[in-house]
Structure formats: C-alpha cells, structure tokens
Amino acid sequence: MSIESIDLTLIPGSEALRLRGSITPEQRAEVLAAFQAAWATIPPDDRDVLIQYWGQGGRAVSLVLIDQFPFLLKDAAAKADHLGRKLSLNPRWVFDKPVWDNLDLVLAHEIAHAYLFATDDPDHLAFAHDGMEQRAWDTLQRWNFDMDRHNELIRHVRSRISGKSPPI
Ligand SMILES: [Zn+2]
C-alpha cells in the first residue's frame, strides 16, 4: 500500500491533538484504533485535563508524529517531549511486533507522561528518569490499563535498546 501524508484530529470534537506523519492507510487505521482504545480507557475527568492542556490558547499544539527526527539521539520506541505537548512514535520500532501489537499501551504510556506534565506532578518533574517512569506506571495503573501487558512490553523494549535513553 502506498504511503501518504496525513494530518487528522484524534479526539472527537476537539482540535487539541492531531496525528501527523507519513504512513499507509492500513497503518493509519491501526494507529487510530489504538488511540481510540487508549483514550476510551482514560477517565473522563483526566481526558478533560489533557484536552485543556494540549489545546491551550486554541492551538493544536500536541501531535502524535510518526517521524524519525525526534529519535536521532534517543533510540526509544516512543516519547513525550516538549512537556508532553508533542508525542512521537519512532518509525524504526513502532511497526515491529510486539510494539505494534501493543500500540494502545505505547500511546497510553506517553499520554500518561503528558498528563503528569499537565498536572505539574512534582515527582514526575524531578526529571530523574526512574521517577518519571514510576509516575507514568502509577498513572497507567490508576487508569486501569493492563499492567502485566505493559510491563512485558517495557521488558521487551529495554532488552532491545542499549545506552541511557529512556526506553519508552
Ligand atoms: Zn516513560
């Protein structure tokens, strides 16, 4: 299937989060389904916090990009940067199993980081890597995501990536 450039809103009725990148129609459908599954699991009040944070000033400032650029120095599968206002998926890893099969959890994990930035979570803002990860895991647990599946995914990603980069 041919690769096409896309720019779509991800949250019904909101411009706050957009999906941008170059992917096939089949990949686009998978990403949209994974996002919808993750988003539906997040409690409504916390979804509102995220929409408010991402859409401040009426701008669609947060993107889910499928782009190699953010990963030139850090070889993670996905990352939340710009204080959780830009979420990126790494095309080098994201289409491979098991990451692709667990894309809902990959997105939920990065959205959890964005939520912690949005709420100025003090332990998350300490910027100590393990502290940030612990708070993301706590948040996913509070949101009732499948932590066994999440932790298996993290183990896989960490086993593949060397160095000090945040794994996911
Ligand atoms: Zn993380």
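Reply: Happy to. Asp120 sits in the loop between α3 and α4 (129-142); helices here are DSSP runs of H or I with at least four residues, strands are runs of E with at least two, and both are numbered from the N terminus. This is a predicted model, in which local features need pLDDT of at least 70 and side-chain atom pairs count only at pLDDT 80 or more, while totals for chains, interfaces and linings use all residues. Residues are numbered from 1 along each chain as its sequence is written.

Me: What makes Asp120 count as exposed?

Reply: A residue is exposed if 12 or fewer other C-beta atoms, placed from the backbone, lie within 10 Å of its own, buried if 20 or more do, and partly exposed in between. Asp120 has 9 C-beta neighbours inside 10 Å, so it counts as exposed. Asp120 also has a positive phi of about 50°, although it is not a glycine.

Me: Why is Asn144 called exposed?

Reply: Asn144 has 10 other C-beta atoms within 10 Å, and is therefore exposed. Asn144 lies in the loop between α4 and α5, and its phi is positive, about 70°, though it is not a glycine. Most residues other than glycine have a negative phi.

Me: How do you know that the length of α5 agrees with what a helix should span?

Reply: The expected span is 1.5 Å times one less than the number of residues. Helix α5 (residues 147-160) has 14 residues and should span 20 Å; its end C-alpha atoms are 20 Å apart, which agrees.

Me: And why are the buried residues of α5 said to line one face?

Reply: The arc is taken from the directions between the helix axis and the C-beta atoms. For the buried residues of α5, seen down its axis, these fall within an arc of 65°, so they line one face of the helix. Those residues are His150, Leu153 and Val157. The face turned away from the buried side carries the exposed residues Asp148, Arg155, Arg158 and Ser159.

Me: What makes α2 roughly perpendicular to α3?

Reply: Axes are lines fitted to C-alpha atoms, for helices over the stretch in contact, with angles from 0 to 180 degrees between N-to-C directions. The axes of α2 (residues 44-54) and α3 come within 10 Å and cross at roughly 75°. Angles of 65 to 115 degrees count as roughly perpendicular, under 35 as roughly parallel, over 145 as roughly antiparallel and the rest as oblique, and that makes α2 roughly perpendicular to α3.
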